[in-house]
Amino acid sequence: MLTSQVLHRMPRFGYSAGLLGVAGVLAIAFSLAAPATFFSSLNLASIAYAVPEIALMALAISVAMTTAGIDLSTVTVANLSALLVLFLSDALVDAEFPSIVATLIAVGAALVVGVVAGAINGLLVAKVRIAPILATLATQQIFLGLAIALTKGKPLYGGTPELDVLGIGTLAGIPFLFWAFLVVVVVVALLMGRTSFGVRAVMLGENPVATDYSGISRVGVTVQTYVLCGVLSSLAGVFMAARTASASAGYGGSYLMLAITIAVLGGVNPFGGRVAIPGAAIAAVILQMISSGLNALGYSAYIYQIVQGLILVSVFVVQWEVKHRAERVSRDKGRHGVPRNRVAAFA
């Protein structure tokens, strides 16, 4: 029974299609309001370059929310990974390693940082039983302090030719970063929506007690989930280092709120039990379109922050209303003799 409910909470393509419709409406509206700038090649390129890194952080948040958790350390893990990529690649090149080898080692080391950070978060949540918001808030400060201590608060600059190609190169007019991001989205969507791990993660978020009775290791699934979050955050750091050829401990101060907004707008249930990877990717494009559109119209960045907050609150209100309406329908049908398990399967 629990599995049947879970399968109905897997990615809903109708919702993603709705988000695509919203993106289309926004594109038309902003192109009419600012025809000279919004659809310019420079603005479109800016959107394509900016989306991948914040979208990867939003994917990390979305994956954590699938299990009724959250990862507040995603930005600091990304920054720590970006710092390591630049420091290690430059150090290895100075040690006369081939540039491509130095790049691969540095990127691999950054991903290890994500694995370790995710494992720490997962163990704190699942083994020590610290609330996810508190556990990842604590590790956020630990990772931030570590990054500041290692760099003395100074930014790093540099990179290898391979990182430069990744950061500024294009294929068919579209940045390599965006192509790489699309590949990651497909892989994570398949992992969360078409594998036993994804089903277990959704089951854990839907009903942790029933998951325990089904013989699934809550600790194992939680740790694996947060490791995936850490890897996605580290990938975001690699993308940031490649795009800007720089890194700092305090980069992306507003990214966490933005990533949470994207994840929720993308369709994930903050209380667990629903995965929304394609939706989060589309929502990232929508938020970046809004940012670029408001900028083209001459509005300040503070207006964009207000819009983010309004979007987040609006989505929560809509989700609350849908949930309570579904509960009322379920109760009404139950009173008329419809088996509750039949109702739950369509909730």
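Select Ala 172 to begin: this residue sits in the loop between strand E2 (170–171) and strand E3 (174–175). Strands (E, at least two residues) and helices (H or I, at least four residues) are DSSP runs, numbered from the N terminus. Phi of Ala 172 is near 55°, a positive value in a residue other than glycine. For comparison, most residues other than glycine have a negative phi, and most peptide bonds are trans. Ala 172 is also exposed, at a relative accessible area of 73%. Here buried means under 20% relative accessible area, exposed over 50%, and partly exposed in between, computed with a 1.4 Å probe on protein chains only.

Before moving on, note that this is a predicted model, in which local features need pLDDT of at least 70 and side-chain atom pairs count only at pLDDT 80 or more, while totals for chains, interfaces and linings use all residues. Residues are numbered from 1 along each chain as its sequence is written, and side-chain values use heavy atoms, with hydrogens and water left out.

**Confidence along the chain**

Colour the chain by pLDDT, the predictor's confidence in each residue, from 0 to 100. The chain has a mean pLDDT of 89, and 92% of its residues reach 70 or more. Where is confidence lowest, and where is it highest? The lowest mean, 39, belongs to helix H15 (residues 340–344), and the highest, 97, to helix H5 (residues 99–126). Select residues 1–11 next: pLDDT stays under 50 there, and the model has 27 contacts beyond four places in sequence for them. A contact means heavy atoms within 4.5 Å. Over residues 338–347 pLDDT also stays under 50, with 10 contacts beyond four places in sequence.

**Helix H5**

Now select H5, which has 28 residues. From its first C-alpha to its last, H5 reaches 40 Å, close to the 40 Å expected at 1.5 Å a residue. The expected span of a helix is 1.5 Å times one less than its number of residues. Among the buried residues of H5 are Ala 102, Ala 106, Ala 110, Gly 114, Gly 118 and Gly 122. Which helices do the buried residues of H5 pack against? They pack against helix H4 (74–94), helix H6 (132–151), helix H7 (161–168) and helix H11 (218–244).

Within H5, select Leu 123. Leu 123 counts as partly exposed, at 42% relative accessibility. Neighbours within four places in sequence aside, Leu 123 is in contact with Val 128 and Val 223. Continue to Ala 131, in the loop between H5 and H6. Ala 131 is partly exposed, with a relative accessible area of 34%. Draw a distance from Ala 131 to Ile 70: these residues are 61 places apart along the chain, and their C-alpha atoms are separated by 9.3 Å.

**Helix H4**

Select H4, where 15 of the 21 residues are buried. The end C-alpha atoms of H4 are 30 Å apart, which agrees with the 30 Å that its 21 residues should span at 1.5 Å a residue. Asn 79 is found in H4. Is Asn 79 buried or exposed? Asn 79 is buried, with a relative accessible area of 3%. Beyond four places in sequence, the contacts of Asn 79 are Met 240, Ser 248, Ala 249, Gly 250 and Tyr 251. H4 is followed by Glu 96, whose phi is positive, near 70°.

**Two further loops**

Select Ala 245, in the loop between H11 and strand E4 (246–247). Phi of Ala 245 is near 55°, a positive value in a residue other than glycine. Ala 245 counts as partly exposed, at 25% relative accessibility.

Asn 269 lies in the loop between H12 and H13. Asn 269 counts as buried, at 16% relative accessibility. Residues up to four places away in sequence aside, Asn 269 touches Met 65 and Arg 274.

**The second largest pocket**

Finally, select Ser 254, Ser 291, Ala 301, Tyr 304 and Gln 308, which lie nearest the centre of the second largest pocket among its 20 lining residues. The elements giving two or more residues to this lining are helix H3 (41–66), helix H12 (255–265), helix H13 (277–296) and helix H14 (301–335). On a 1 Å grid over the protein atoms alone, a pocket is an open set of points where a 1.4 Å probe fits, with protein on both sides within 12 Å along at least five of seven lines, and lining residues have an atom within 4 Å of a point.
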